[in-house]
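Visitor: I would like to learn how to read a model like this one. Please take me through a few features in turn.

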Amino acid sequence: MTKGIPQSIAFVSNEASTTPTIVDRQHFQANIDTLRVREKALTREADAIAAARRQLPMVEVDALTPLVGLKGMVPLIEAFEGRQQLMVAYMMWHEGKSAAEQCQGCTMVINHIPELGYLHSRDVTLAVFCQGPFDPSNRYREFMGWTMPWYSVPSSSVEPLIAGRHFGMWACYLRQGERVFETYWTTDRGCEQMGSSFAMLDLTVYGRQEVWQTAPNGWPQQFFNTMCLPNEHPLVERPIAQWSRIAQGHADDLYASTNANPTE
């Protein structure tokens, strides 16, 4: 193992921070009611945007684009696992780097992937397509305890799938018989809704505690951004989602053993 869990985390304490104004229950509820009007408007707008998203045109992708999975080389259409829809998390991969040095943002969001049965009930398969070779990235999946289907993208398949964009995005696909179409994609903050911790933190008084957020003076804002912290930050010795895996004794060596599965 390379780096361990931080032994101490210097969070700003509530006592040293500004806190909200104290009011009685009646005034508290009156302020909640005022904010609720805006929250409901946002919900309705999000519903309208989702409706517009469902009416986007789509672009065809070669259904035979090769991927590498547990069964070796397979065509893209096989990743649907017989379902009509496919949602893909495209994970960045730092070849030759340790588990602790892999992408913080991709690890964070992928670690939030829910119980897959709910997606399957809507005829949706969710899979990760990882940049680079299969063997070490699949060992990363095993280290993290992830159970979703996992594939690596050979260099010959990068352009047909990424099409000038970059790993770190999410994309949705539709299967029509033997043809495959891309129906939507997003990246950066567009991926936030895949990580429920963001929404939960947004409900708390100090929010995400990130420097870009509007906050009163004194509010704790020690985090760099939503997805990643700079490597020199005292909270970053490895992606946060790895802390519990290390504590449970899971090995994070990605390169110690060989694997019969093919890579690129």
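The dialogue below goes from the whole chain to single residues.

Guide: This is a predicted model, in which local features need pLDDT of at least 70 and side-chain atom pairs count only at pLDDT 80 or more, while totals for chains, interfaces and linings use all residues. Residues are numbered from 1 along each chain as its sequence is written, and side-chain values use heavy atoms, with hydrogens and water left out.

Visitor: How many helices and strands does the chain have?

Guide: Helices (H or I, at least four residues) and strands (E, at least two) are DSSP runs, numbered from the N terminus. The chain has seven helices and eight strands.

Visitor: What share of the residues is buried?

Guide: Buried means under 20% relative accessible area, exposed over 50%, and partly exposed in between (1.4 Å probe, protein chains only). Of the 264 residues in the chain, 41% are buried.

Visitor: How do I read the faces of a helix?

Guide: An α-helix has 3.6 residues a turn, so residues three or four places apart point the same way. In helix H5, residues 155-162, the buried residues are Ser-157, Leu-161 and Ile-162. Seen down the axis of H5, they fall within an arc of 110°, so they line one face of the helix; the arc is that of the directions from the helix axis to the C-beta atoms. Ser-155, Ser-156 and Glu-159, on the other side of H5, are exposed.

Visitor: What should I look for in the backbone angle phi?

Guide: Most residues other than glycine have a negative phi. Ala-163, which follows H5, has a positive phi, near 50°. Glu-81 is not a glycine either, yet its phi is positive, about 55°. Glu-81 sits in the loop between strand E3 (72-75) and strand E4 (85-91), and counts as partly exposed because its relative accessibility is 42%. Gln-209, also not a glycine, has a positive phi of about 60° and lies in the loop between helix H6 (196-202) and helix H7 (243-247).

Visitor: Is Gln-102 buried or exposed?

Guide: Gln-102 counts as buried, because its relative accessibility is 2%. Gln-102 is in the loop between E4 and helix H2 (104-110).

Visitor: Which residues does Gln-102 touch?

Guide: Contact means heavy atoms within 4.5 Å. Leaving out residues up to four places away in sequence, Gln-102 touches Trp-93, His-94, Lys-97, Tyr-140, Pro-239, Leu-254 and Tyr-255. The Gln-102 side chain also reaches the backbone nitrogen of His-94 at 3.0 Å.

Conventions: Polar contact = N/O pair within 3.5 Å; in protein donor to acceptor, adjacent residues only side chain to side chain.
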